Amino acid sequence: MNYKKLDISIGWLSFLIATIVFFITVEDTASLWDCGEYITAAYKLEVGHPPGAPFFMLIGRVFSLFAGSEADVALWINRMSALSSSLTILFLFWSITKLGKKIAEKDGEVMSNGQKIAILGSGFVGAMAYTFTESFWFSAVEGEVYAMSSLFTAVIFWAVLKWDEEMTMIKRGQLSPEIRPLRWMVLIMFLFGLAIGVHLLGLLVLPAI
């Protein structure tokens, strides 16, 4: 069984399912709370309420360029949240499978086919369960910062697991010492900087590191 190929393929399948669901159910216009402010501020590159979300505004402005008219601006910024959320599901799947693989190989053992199926199945079930949770789905279909903030949280946590995986493999002699795992830390700190430009929730990954 080619575990790596299946891990990548099922991860992208999870992403595809989440993208279809969120794009079908996305809001056509602004929801009646902060979304109207965020959409307007992103479209005109203005300043939202403190502490602000400058990176969200920049990416929102890029998505607004795809709108055929001003009436479609809200829809396209809502689609940005939908895409951010489905990418969150992708990295959530890969994080679950990495944690499962770490548990299965904790003593340097080789995974059996049964363990591989269990890990991939756990990742898919976990990703799909999170896709359809009320609070996540709610934020996935509207122009708010929480969807993109969830994406940064998921990517940073996945990068932490990649860093840990490479460190473990070097200790076991399974990876060349010339590989520099700390490059993941450089990426993580860069992503933290961008995440703060969306929402301060990104800092919650620090205790995990």
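# How do we know?

Biologist: E165 and K162 form a salt bridge, with their closest N and O atoms 3.8 Å apart. Why is this called a salt bridge?

Modeller: The rule asks for a side-chain nitrogen of Lys or Arg within 4 Å of a carboxyl oxygen of Asp or Glu. At 3.8 Å, K162 and E165 meet that limit, so the name applies. Residues are numbered from 1 along each chain as its sequence is written, and side-chain values use heavy atoms, with hydrogens and water left out.

Biologist: How are E165 and K162 placed in helix 7?

Modeller: They sit 3 residues apart there, about one helical turn. A helix here is a DSSP run of H or I with at least four residues, a strand is a run of E with at least two, and both are numbered from the N terminus.

Biologist: What makes K162 buried or exposed?

Modeller: Relative accessible area decides: under 20% is buried, over 50% is exposed, and in between is partly exposed (1.4 Å probe, protein chains only). K162 has 19%, so it counts as buried.

Biologist: Which residues do salt bridges with shared partners join into one network?

Modeller: K98, K101, E105, K162 and E165. Within that group, K101 and E105 meet at 3.3 Å, N to O. E105 has 19% relative accessible area, so it is buried.

Biologist: How many salt bridges does the structure hold?

Modeller: There are 6. Another of them pairs D164 with K102, at 2.9 Å between the closest N and O atoms. That pair links distant parts of the chain: D164 is in helix 7 and K102 in helix 4, 62 residues apart. D164 is partly exposed, with a relative accessible area of 26%, and K102 at 40% is partly exposed too.

Biologist: On to the rings. What makes two rings an aromatic pair?

Modeller: Rings of Phe, Tyr and Trp (its six-membered ring) pair if their centres lie within 6.5 Å; planes under 30 degrees apart count as stacked, over 60 as edge-to-face, and the rest as tilted. The count by this rule is 14 aromatic pairs. In one of them, W12 and F15 have centres 5.3 Å apart and planes at 85°. That distance is within 6.5 Å and that angle is over 60, so the pair is edge-to-face.

Biologist: Where do W12 and F15 lie?

Modeller: Both are in helix 1 (residues 3-25), 3 residues apart, about one turn of the helix. W12 is partly exposed at 41% relative accessible area, while F15 is buried at 15%.

Biologist: How do you know how F91 and W158 are paired?

Modeller: Their ring centres are 5.2 Å apart and their planes stand at 65°, so this pair is edge-to-face. F91 is in helix 4 (residues 73-104) and W158 in helix 7 (residues 146-171), so the pair ties together parts 67 residues apart in sequence. Both F91 and W158 are buried. Ring pairs also link W12, F15, F91, W94, W158 and W184 into a cluster.

Biologist: What sits over the ring of W76?

Modeller: The charged end of R79, 4.8 Å from the ring centre. For R79, 4.8 Å is within the 6 Å limit.

Biologist: How do you know how confident the prediction is?

Modeller: pLDDT is the predictor's confidence in each residue, from 0 to 100. The protein chain averages 91, and 100% of the residues score at least 70. Confidence is lowest in helix 2 (residues 35-44), with a mean of 90, and highest in helix 1, at 97.

Biologist: And the whole chain: how many helices and strands does it have?

Modeller: It has 8 helices and 0 strands. Of its 209 residues, 44% count as buried.

Biologist: Where is the loop residue L45, and is it buried or partly exposed?

Modeller: L45 is in the loop between helix 2 and helix 3. At 48% relative accessibility, it is partly exposed. Its phi is near 50°, a positive value in a residue other than glycine.

Note on methods: This is a predicted model: local features need pLDDT of at least 70, side-chain atom pairs count only at pLDDT 80 or more; totals for chains, interfaces and linings use all residues. A charge sits over a ring if NZ of Lys or CZ of Arg is within 6 Å of the ring centre and within 35 degrees of the ring normal.
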